Amino acid sequence: MKRIILIVEGHGEVVAAPLLARRVLQELYGIYDWTFETQRRNDIAHLKARGWESFKRYLAAAFNESAPILWMLDCDDGCALEQVRELYRESLAVGVRQPLAFCLWVREYETMFFFDPENIGRKLGVEHLNVPNPPENRRAAKEFLGAQMPDDKAYSPRIEQPALTAIIDLHKVHEGYRSFKHFEKALLWLIQQDSAGLYPLQV
């Protein structure tokens, strides 16, 4: 089986991200011959600290795995495109040795759950899940979802992210969430590459 390295920000995505990638390839494209390994490397503020020191170290280590890399980060603030341009600049400074793509979730991974309120609400035990409009403008999605859950429950990324990723309607997310479309395209690009390179920047 061929494999992709998924680099993620939070604890919940360690399990949720490979589940999402697998579902996209299998359910939307009928592709079953890829496996996924996950590395957790914190948020973009951590990566930028001390002249991008941690980012460069993590990227060099990931290249040693000899597999395509999809690096996912939350874009809590600012312009996702500008942040990707910075990531490309620093990646080129390290030297790109594998197929590499970045996906920034505007505003965070959980934002995709707002695009399927029926399934997500049912799973969280919320009869009528309130969702922000537009969803991408809402920061602190975890807290927003957790505040609507029954009093005897609390939102836990380690539990809820994989559970919700497993049942979300991918077609609804594809229709409404631009970050998901980028994730999907980047994933498809990576599995087609046979040499090192950066995913073409989407303007």
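Helices (H or I, at least four residues) and strands (E, at least two) are DSSP runs that are numbered from the N terminus. The model shown is predicted, so that local features need pLDDT of at least 70 and side-chain atom pairs count only at pLDDT 80 or more, while totals for chains, interfaces and linings use all residues. Residues are numbered from 1 along each chain as its sequence is written, and side-chain values use heavy atoms, with hydrogens and water left out.

**View 1. The order of helices and strands along the protein.** The protein holds 8 helices and 5 strands, which follow one another from the N terminus as β-α-β-α-β-α-β-α-α-α-α-α-β. Because its radius of gyration (taken over C-alpha atoms) is 17 Å, close to the 17 Å that the globule rule (2.2 Å times the number of residues to the power 0.38) gives for 203 residues, the protein is as compact as a globular protein of that length.

**View 2. The buried part of the protein.** Of the 203 residues, 48% are buried, a term that means under 20% relative accessible area with a 1.4 Å probe, counting protein chains only.

View 3. The structure holds 0 disulfides, a disulfide being a pair of cysteine sulfur atoms within 2.5 Å. For Cys 75, the closest cysteine sulfur is in Cys 79, at 7.2 Å, which is too far for a bond, and Cys 75 is buried, with a relative accessible area of 0%. For Cys 103, the closest cysteine sulfur is that of Cys 75, at 10 Å, again too far for a bond, and Cys 103 is buried, with a relative accessible area of 0%.

Methods. Buried means under 20% relative accessible area, exposed over 50%, partly exposed in between (1.4 Å probe, protein chains only).
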